[in-house]
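Take a look at the model below.

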Amino acid sequence: MSEQDSKSRSSRFDLPANELVEKFNATITFEQRGCPFDVLNSKTHCTMLAKQGIIAKEEAEAICKGLDAVKAEIDAGKFVFSVKDEDIHMAIEKRMTEIVGPVGGKLHTGRSRNDQTATTTKMWARATVREIQAAIRDFQAEILKTAQKNLGVIMPGHTHMQVGQPILFSHWMMAFFWMLERDFTRFDDLYRRSRFCPLGSAALAGTDFPIDRHFTAAGLGFEGPTENSIDGVSDRDHMVELCSACAMCYFHLSRLCEELVNFSSQQFHFIELSDDFCTGSSIMPQKKNPDIAEKIRGKTGRVYGNLMSILTTMKGIPLAYNTDMSEDKEPVFDSVDTLLDSLRILTPMVEKMRVNADIMREATDKGYANATDLADYLAKKGVPFREAHHIVGGMVNYAIKHDKRLDDFEMEEYKQFSDKIEEDIREDIKLETCVKARRSYGGTSAEAVAVQFEHAEAVLKNETEILA
């Protein structure tokens, strides 16, 4: 065991760590994405130590130069990560000390790996939230663009997967915009709740060195230091909540993908996905499978599982820090990577999909989607709605048996169901009329959807400052 290895393990032990234990305990193999944040964490802490007179200014400058050299090695792919170093914090400090000499050992004054890892992890989480939000905004912008481009397209709206009422395709598309907007704000809430810095909490009780936690918090982009040192080192709410927000966002993506799979099938054929987002069959040459949408739908269980994993890990840990907490990273990293990949795939997939307006219109016609409007017509003529509902049910039954649409009836056929029906019925239950009539706020009329567009554009415009 090298001298530095001995120092990292401490002289408390007579025996070196078992090789199996080293591998089992190491997190360095998967946490390397935290390196830039850990270097900044250490440089800010070192600068604070010099400002407070805890170490000499020249010593701090040497340590910071050493940390910059380590970061350069990492960025260039020349840094050697070893499980013997256990985690990135020890690896970076060890390499820095090799570069600058024994003065490097002063970097760890007034802090512990407990507050160091909590800070680095929270810094990474905050940066990642902004990256996810940018990807959400890109996808929302594409959804809005697709909806605006297809404003006049009528499609059947479904409940219970049965044709319900005629709606605009744009209205259907914008439903996902607003789901994603809730996701965006959830990530924003997480970012706000993660605004306090654990650095300076030390192992759990704070430190007797005259550190300036407000200085380090500000230097690392936080609003201030955490109020309680025990909570500071044992808090992983930001990681749990990041997993949770990813799971919520992912279930919205899964719902969209379910619709894309259904609507691109030959039975619907409402849309056609671009060839470069589909795959073929190994045996059936005619197949064009929506495998990417299916894959995203299938990964939802994985993202949910990550949330359950970290919740279970954290549920019974006594205060303050325990090594169980090193299990926080893998599920969160996986959820973040899966969500970001999926958002970045769905954006061009929606952009390139073809909307089959004529097929949607025909399906709306065949599905008696204007039945509710016919019942509303009778109600406006003075027929109690429950009676009107019963009358129109009989008319639909008749239409099915005679292979007719509701607006194809002869006047004599209408009259046998109700003498309240007049010639104006044909205009009142045209699909365009039905859609146009839904002018209520948030409704499916072009007028109401245009309001959605206006508000969506304002959302996209106003939030750009947050991501700058």
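Which residues does Thr-121 touch, not counting residues up to four places away in sequence? They are His-238, Met-239, Asp-328 and Lys-329. Keep in mind that this is a predicted model. Thr-121 sits in helix H6. Thr-121 has a relative accessible area of 6%. That is under 20%, so Thr-121 counts as buried. Arg-33 is a further reference point for this site. Arg-33 and Thr-121 are 88 residues apart in sequence, yet their C-alpha atoms are 9.9 Å apart in space.

Move on to Lys-122. This residue also belongs to helix H6, which covers residues 113–149.

Now step back to the whole chain. The protein chain has 20 helices and six strands. Its radius of gyration is 31 Å, whereas a compact globule of 468 residues would have one near 23 Å. Along the principal axes, the C-alpha atoms fill a box of roughly 100 × 50 × 40 Å. Of the 468 residues, 49% count as buried. Consider the contacts with a separation of 6 or more: residues 24 or more positions apart account for 74% of them.

The surface and the charges come next. The accessible surface of the protein chain is about 22,800 Å². Carbon and sulfur atoms own 52% of that surface. There are 58 positive and 73 negative side chains. The centres of these two sets lie 1 Å apart.

Turn to the strands. Strand S1 runs over residues 154–159, and strand S2 over residues 162–168. They pair in the antiparallel sense over six bridges. Thr-159 has Gln-162 in S2 as its bridge partner. His-158 stands opposite Val-163 in S2. Together S1 and S2 form a hairpin, with two residues between them. His-160 in the turn has a positive phi of about 60°. Met-161 lies in the loop between S1 and S2. Met-161 also has a positive phi of about 60°, although it is not a glycine. Is Met-161 buried or partly exposed? It is partly exposed, with a relative accessible area of 45%.

An α-helix has 3.6 residues a turn, so residues three or four places apart point the same way.

Lys-404 lies between helix H15 (385–401) and helix H16 (411–415). Lys-404 is partly exposed, with a relative accessible area of 22%. Leave aside its neighbours within four places in sequence. Lys-404 is then in contact with Tyr-368, Ala-399, Phe-409, Glu-410 and Glu-413. Phe-385 is 19 residues from Lys-404 in sequence, and the C-alpha atoms of the two are 24 Å apart in space.

Where is Glu-86 found? Glu-86 is in the loop between helix H4 (57–75) and helix H5 (88–100). Glu-86 is not a glycine, but it has a positive phi of about 75°. Its relative accessible area is 28%, and Glu-86 is partly exposed. The other loop joins helix H11 (291–314) and helix H12 (329–352), and Ala-320 has its place there. The peptide bond from Leu-319 to Ala-320 is cis, with omega near 10°.

Conventions:
Residues numbered from 1 in each chain as written. Predicted model: local features only at pLDDT ≥ 70, side-chain atom pairs only at ≥ 80, totals over all residues. Heavy atoms only, no water. Helix = DSSP H or I, 4+ residues; strand = E, 2+ residues; numbered from the N terminus. Buried < 20%, exposed > 50% of the residue type's maximum accessible area, 1.4 Å probe, protein only. Contact = heavy atoms within 4.5 Å. Rg over C-alpha atoms; globule rule 2.2 N^0.38 Å. Areas by Shrake-Rupley, 256 points an atom, 1.4 Å probe, with all protein chains shown as cover. Lys, Arg positive; Asp, Glu negative; His and termini not counted. Charge placed at Lys NZ, Arg CZ, Asp CG, Glu CD. Pairing = 2+ DSSP bridges.
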